[in-house]
Number of protein chains: 2
Amino acid sequence: MIGKEIGKMLLENKEKFLIPAEQVAHIQMTNRLDHALLVLTKIGYTVIPVLDSTYKIRGLISMSLVIDAITSIEDVDFNKLGDIRVEDVMQTDFALIENPYDLEEVLHLLVRNSFVCVAASDGSFTGIVTRSEILKATNRIAHEFENKYDVKRKKEYV
Amino acid sequence: MIGKEIGKMLLENKEKFLIPAEQVAHIQMTNRLDHALLVLTKIGYTVIPVLDSTYKIRGLISMSLVIDAITSIEDVDFNKLGDIRVEDVMQTDFALIENPYDLEEVLHLLVRNSFVCVAASDGSFTGIVTRSEILKATNRIAHEFENKYDVKRKKEYV
């Protein structure tokens, strides 16, 4: 369980943790890889969510997955980009939690994932929580916690 | 300044923060982009350090930079991949600190950068510090700090 006072400070800017769906670039399942590559290049992100036609989150697509899909042993065949659909190569096993999300779960997931997708109970894409926002909170705790709290090591741990 | 006790807990696994150079995939400045693309795809990372022939760190190269370099308005010309050198498109403005590094500086840099490069004073590449390791420390502090310390809000902040 997360400590009560540390938890409070972690959550001070909780409303900023979630980047809402309308600010997150995404791509449709039925798009082809040439389109995915253009979107990924233009926005400068390396991974983006893949949504279906009803805006439900279904996977992630990355530059690596796109290039990997057209790469054989030592050769990259860029002609294939227009033939393959995003849904055929997207990553379907990814960090996804339901809104309202639990901070403890998010913290654990962010150790292994650079962002966590958040969805409503029906799967509709709500947004993402990124490592960057949690690192801002870590900075705040590192710098401010002991200004605001008296802290004394418990006897059994001295 | 980072709080004394929080700082101690943050640094408990400091030796694990730095991923040493020999475990970090890198590429040479004079390599061409086709090689860079293959390395990036094979290792599954999206950004890797660029070293010169004396193993000094000189920049970063990413999938986005590679694809961007061969992309005009709406077209991607993959034939150019073999013609362009990594040094011509690499990012030379990146997060770099000197070893022994300061935790406070690393924490600040990791808010905007997914990893920070660490070099010796002569520029030789020492390794990287990633967000993932700091997030592990954040988890530890969130879960354990108040088990080990008595924490009381200061009067002026109640």
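**Exercise 1.** Identify the residues that touch the most other members of the largest nonpolar core, and state which elements give two or more residues to this core.

*Solution.* In this predicted model, local features need pLDDT of at least 70 and side-chain atom pairs count only at pLDDT 80 or more, while totals for chains, interfaces and linings use all residues. Residues are numbered from 1 along each chain as its sequence is written, chains are lettered from A in the order in which they are written, and side-chain values use heavy atoms, without hydrogens and water.

Step 1. A nonpolar core is a set of buried Ala, Val, Leu, Ile, Met, Phe, Trp, Tyr and Cys residues joined through side-chain atoms within 4.5 Å; buried means under 20% relative accessible area (1.4 Å probe, protein chains only).

Step 2. Among the 47 residues of the largest core, those touching the most other members are A:Ile6, A:Tyr101, A:Val129, A:Phe145, B:Ile6 and B:Phe145.

Step 3. Helix 1 (4-10), helix 6 (103-112), strand 6 (115-119) and helix 7 (131-148), of chain A and of chain B, each give two or more residues. Helices (H or I, at least four residues) and strands (E, at least two) are DSSP runs, numbered from the N terminus.

**Exercise 2.** Determine how chain B is related to chain A.

*Solution.* Step 1. Superposition is by least squares on C-alpha atoms of residues with pLDDT of at least 70 in both copies. A rotation of 180 degrees, with 0.0 Å of shift along its axis, places chain B on chain A (RMSD 0.0 Å).

Step 1. The two copies are therefore related as by a two-fold rotation axis.

Step 2. In chain B, B:Val151 comes closest to the rotation axis, at 2.4 Å (C-alpha).

**Exercise 3.** Describe the sheet formed by three strands of chain A.

*Solution.* The sheet is open, with order 2-3-4 and mixed pairing; strands pair if DSSP finds at least two bridges between them. Strand 2 (27-28) and strand 4 (57-62) of chain A are the edge strands.

Notes. Buried means under 20% relative accessible area, exposed over 50%, partly exposed in between (1.4 Å probe, protein chains only).
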